[in-house]
Amino acid sequence: MIGSLDEGQAAGRPTGNGRGRQRWIVLGLALVVLLAAGFGMMRMRMSYVPADLDLATTRSSNSGLYQVRYAPEAAVIPVNQIHTWTIHIETADGRPVEGAAITVDGDMPQHLHGLPTAPQVTQDLGGGAYLVEGLKFHMPGWWVVDYTISAEGQTDTVRFNLQLP
Amino acid sequence: MRSIFLTQWRLLITVLAVVLLTVGALTAWLWPRSPWTPEEVTTLRGLALASLPPLAPDPSNRYGDDPRAAALGARLFFDTRLSVDGTVACATCHVPTRQFQDDLPLGQGVGTTDRRTMPLAGAAYSPWLFWDGRKDSLWAQALGPLESPVEHGGTRTQYARVLWEHYRTEYEALFGPLPDLADTTRFPPAAGPVADPAARAAWEAMTPDDREAVNLAFANLGKAIAAFERQLLPSPSRFDSYVEALLLNDVAAMQAALSPDEVAGLRIFIGRGQCITCHNGPLLTNNDFHNTGVPAVPGLPEDLGRATGLPLAQADAFNCLSRYSDAQPADCAELRFAKADPHVQTRQFKPPSLRGVAERPPYMHAGQFATLRDVLEHYNQAPAAPAGDSELRPLELSERELAQLEAFLHSLSGLGQAPAACLGCHPEPDAPAAAAPERSIP
Ligand SMILES: [Cu+2]
C-alpha cells in the first residue's frame with residue numbers, strides 16, 4: 001500500500017488505475033481515523049471518572065439496612081471551605097434511626113488520599129437527623145464520603161459520591 | 001463505461017477527502033471560538049479573580065474590618081522600632097513594591113530565617129498561615145516574627161512599650177487602656193517567653209497580671225496589623241481578562257488577552273499537568289498542605305513541614321480557641337477538625353498563590369529553584385521526596401509544552417493597576433518611599 005502510494009507520487013502520473021483508487025481510499029480513511037482519534041483523545045481527557053457514577057444525595061447503605069440522605073449547609077458543596085452537612089437516617093422501611101453512633105471518612109479514589117480534615121458527627125438533632133461538622137474538600141474532582149452507622153446493634157456503611165467542579 | 005465509473009469514484013472520493021480536510025481545517029480554525037468544553041469553562045471561571053468572594057470576617061479578630069485598626073496596623077507594619085535594634089519592620093522582608101516579599105531564598109531580619117518570605121496578597125483568605133500552617137489567623141501569625149530571634153528579635157514587653165510611647169492615643173481609642181508601661185520595674189525593657197534566657201527570666205519575674213496585660217497588648221498589636229493585611233489583595237491579570245472575555249464569548253478580547261501558547265499552557269495547567277488539584281480557586285492555591293518532593297536545602301535544619309506545623313498551631317497560646325481570640329469555639333472549625341497525621345503530613349507545605357508568581361523568583365519554601373523553568377522541570381520529573389511521600393507523578397510534558405506552561409504562568413502577573421484597597425490609604429502606592437507619607441493616613 002505504502003509502496004504504491006510512493007510510486008504514484010514519485011511518478012506524478014494521473015491515477016487512472018486500481019492503485020490510484022486505493023490511494024484515495026487510503027487517504028480518505030486515514031483522514032477519518034485521524035479526526036476520530038483527535039476527538040477520542042479529547043473525550044478520554046474528560047472521562048476520568050466512572051461514567052455511571054451515582055451522585056444521588058439519598059442512598060441505601062451497603063447491606064441495605066439504612067436509607068441515608070444528606071444536605072450540605074449551602075446549596076452547592078464548596079471546594080476549599082470547611083462546612084457542615086445534615087444527614088437523615090431511616091431504616092429500609094422508613095423509620096427514622098435515632099441515637100446512632102456514626103463515623104465519617106472520605107477520600108479521592110483517583111488520588112489515593114483522604115480528607116484533609118477529620119469531620120465528626122457532633123449533634124443528634126432528633127428525628128433521625130444528625131449534624132456533621134468539619135467536612136472539607138480541597139480539590140475539584142471525584143470524592144467519596146462514607147458514613148458508618150451503628151444503631152440497635154447493627155452496623156452498616158453508606159457511600160456518597162461527589163463530583164466537584 | 002469503465003472510465004465513467006472510475007471518474008465518478010474518483011470524484012466521490014476527492015469530494016469526500018476535500019470535505020473531510022475542510023472540516024478538519026475549519027475545526028482547527030474555529031477552535032479559538034469555542035476552545036473549551038462547558039466543564040472547562042466552569043473550571044476557568046472558578047480560577048478567575050472575579051470569583052473571589054468578599055473576605056469573610058475573621059471571628060477571632062473583632063477589629064479585623066475596622067478602618068482605624070487597619071490604619072494603625074499599616075504604620076506598625078512599616079515601623080522598625082518594633083525590633084531589637086531598630087532596623088527591622090515587617091516591610092523589611094514583606095516589601096510592598098515586591099508583592100510584599102523580598103526576592104531572596106531566605107528572609108533577612110536581624111538574622112537569617114530557615115524559609116523563604118511569603119507574598120501576602122490574599123493571605124487573609126488562608127485558614128492556616130506560614131509554609132507549615134503553624135498559625136491559624138493573620139493576627140496570631142504577626143506575633144511570630146516579632147519574637148523570632150532571626151526576624152525582629154525583640155520581646156512583647158518592648159513592643160507594648162512602643163505602643164505606649166508612639167501609638168497610645170490610637171491604640172487606646174480602639175482597644176482600651178494600656179497599663180503604665182513607663183514603670184520599668186513592673187515592665188522590664190526586654191521581657192517575654194523568647195529564646196534569650198535573660199528576657200525569659202525577666203518575663204518569669206513579672207506578676208501574672210502584668211504578664212497578662214502585656215499579652216493582651218501584644219495580641220492587639222497583631223490584630224491591628226492583621227486588619228491592615230486583610231486589605232492586601234492581588235490585582236487582575238491578563239488571565240482574568242481572558243476568562244472575562246470567554247464568558248462574554250468575545251473572541252477578539254480573548255485573543256488580545258492570551259497568546260495561543262499561553263492558552264495551550266492554560267490547557268495543560270487545568271488538564272494533563274493536574275496543577276489545579278492543588279493550585280485551584282481564584283488565588284490558585286487550595287491553602288492546604290502537600291508534599292511535592294521539593295529537595296531539602298543542605299545546611300538548613302530538617303524541615304518536616306505540616307507534620308510539625310499542625311501540633312504547633314494546636315498548642316499556640318494565641319490560636320482561635322485561646323482567650324485572646326474573639327471567636328466562639330463553634331467558629332474555630334479548622335482548628336477543631338484539623339486532622340493530625342504525621343506520616344502523611346511529613347514535608348507537606350502550603351502551595352503559594354500563583355498570582356504574580358513569574359515576577360518573584362526564587363521559588364519554593366526555601367528558595368530551592370531559581371527560575372520557573374526549574375520549577376516546571378521538577379513537576380515534569382516528580383522526584384522522590386527527601387522525606388515522606390511526594391504526591392506528584394511524572395508528567396511527561398515535552399519541551400514545547402513546558403514552555404507553554406511557563407508562558408501561561410506569566411499571564412498571571414498583575415496588570416500593574418494598584419488594588420483599590422491600596423488607594424484608600426495613599427494615591428500612588430507604587431511610587432518611591434517618599435511618596436507614601438504618614439499624613440495620607442486618615
Ligand atoms: Cu485529590
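Student: Which residue in strand 7 of chain A is the bridge partner of His88(A)?

Tutor: Ala129(A) is the partner of His88(A). Before going on, note that this is a predicted model: local features need pLDDT of at least 70, side-chain atom pairs count only at pLDDT 80 or more, and totals for chains, interfaces and linings use all residues. Residues are numbered from 1 along each chain as its sequence is written, chains are lettered from A and ligands numbered from 1 in the order in which they are written, and side-chain values use heavy atoms, with hydrogens and water left out.

Student: How do you know that strand 3 and strand 7 of chain A pair?

Tutor: Two strands pair if DSSP finds at least two bridges between them. Strand 3 (residues 83-91) and strand 7 of chain A have five bridges, in the antiparallel sense. So they meet the criterion. Strands here are DSSP runs of E, at least two residues long; helices are runs of H or I, at least four; both are numbered from the N terminus.

Student: What joins strand 6 of chain A to strand 7 of chain A?

Tutor: Five bridges, and the two strands run antiparallel. Val121(A) stands opposite Val132(A) of strand 7. Strands 6 and 7 of chain A form a hairpin with two residues between them. Gly127(A), in the turn, has a positive phi of about 65°.

Student: What makes strand 7 of chain A mostly covered?

Tutor: Buried means under 20% relative accessible area, exposed over 50%, and partly exposed in between (1.4 Å probe, protein chains only). Seven of the seven residues of strand 7 of chain A are buried.

Student: What makes strand 5 and strand 9 of chain A edge strands?

Tutor: Take the sheet. It is open, with four strands in the order 5-4-8-9 of chain A and antiparallel pairing. Strand 5 (113-114) and strand 9 (154-164) each pair on one side only. Strand 9 of chain A is joined to strand 8 by eleven bridges. One pair there is Val145(A) with Phe160(A) of strand 9.

Student: Which residues coordinate the copper ion?

Tutor: Met108(A) through SD, His111(A) through ND1, His113(A) through NE2 and Met139(A) through SD, at 2.0 to 2.2 Å. Donors are N, O and S atoms within 2.8 Å of the metal (3.2 Å for Na, K and Ca), and water is not among the atoms, so sites may look incomplete. These four atoms pass.

Student: Why is the site of the copper ion called tetrahedral?

Tutor: Four donors count as tetrahedral if all angles lie between 85 and 135 degrees. The angles here are 105 to 125°. The label therefore holds.

Student: How are the donor residues of the copper ion spaced in sequence?

Tutor: As M-x2-H-x1-H-x25-M. Met108(A) lies in strand 4 (residues 101-108) and Met139(A) in the loop between strand 7 (129-135) and strand 8 (141-151) of chain A, so this pair ties together parts 31 residues apart in sequence. Both methionines, Met108(A) and Met139(A), are buried.

Student: What makes Cys320(B) and Cys332(B) a disulfide?

Tutor: A disulfide is a pair of cysteine sulfur atoms within 2.5 Å. Those of Cys320(B) and Cys332(B) are 2.1 Å apart. The structure holds one disulfide over all chains.

Student: Why is the disulfide of Cys320(B) and Cys332(B) called left-handed?

Tutor: Because the torsion about its S-S bond is about -80°. Cys320(B) and Cys332(B) both sit in the loop between helix 13 (306-315) and helix 14 (333-336) of chain B, twelve residues apart. Cys320(B) is buried at 12% relative accessible area, and Cys332(B) at 3%.

Student: How far is the nearest cysteine sulfur from that of Cys275(B)?

Tutor: It belongs to Cys278(B) and is 9.1 Å away. Cys275(B) is in no disulfide. Its relative accessible area is 16%, and Cys275(B) is buried. Cys278(B) is likewise in no disulfide and, at 14%, counts as buried.

Student: Why is helix 6 of chain B called largely enclosed?

Tutor: Nine of the eleven residues of helix 6 (residues 156-166) are buried, so the rest of the structure largely encloses this helix. Trp164(B) and Tyr159(B) are among them. The buried residues pack against helices 3, 5, 7, 8 and 9 of chain B.

Student: How many helices and strands are there in chain B?

Tutor: There are 18 helices and zero strands. Of the 442 residues of chain B, 51% count as buried.

Notes
Tetrahedral: all angles 85-135°; square planar, octahedral: opposite > 155°, others 65-115°. Contact = heavy atoms within 4.5 Å.
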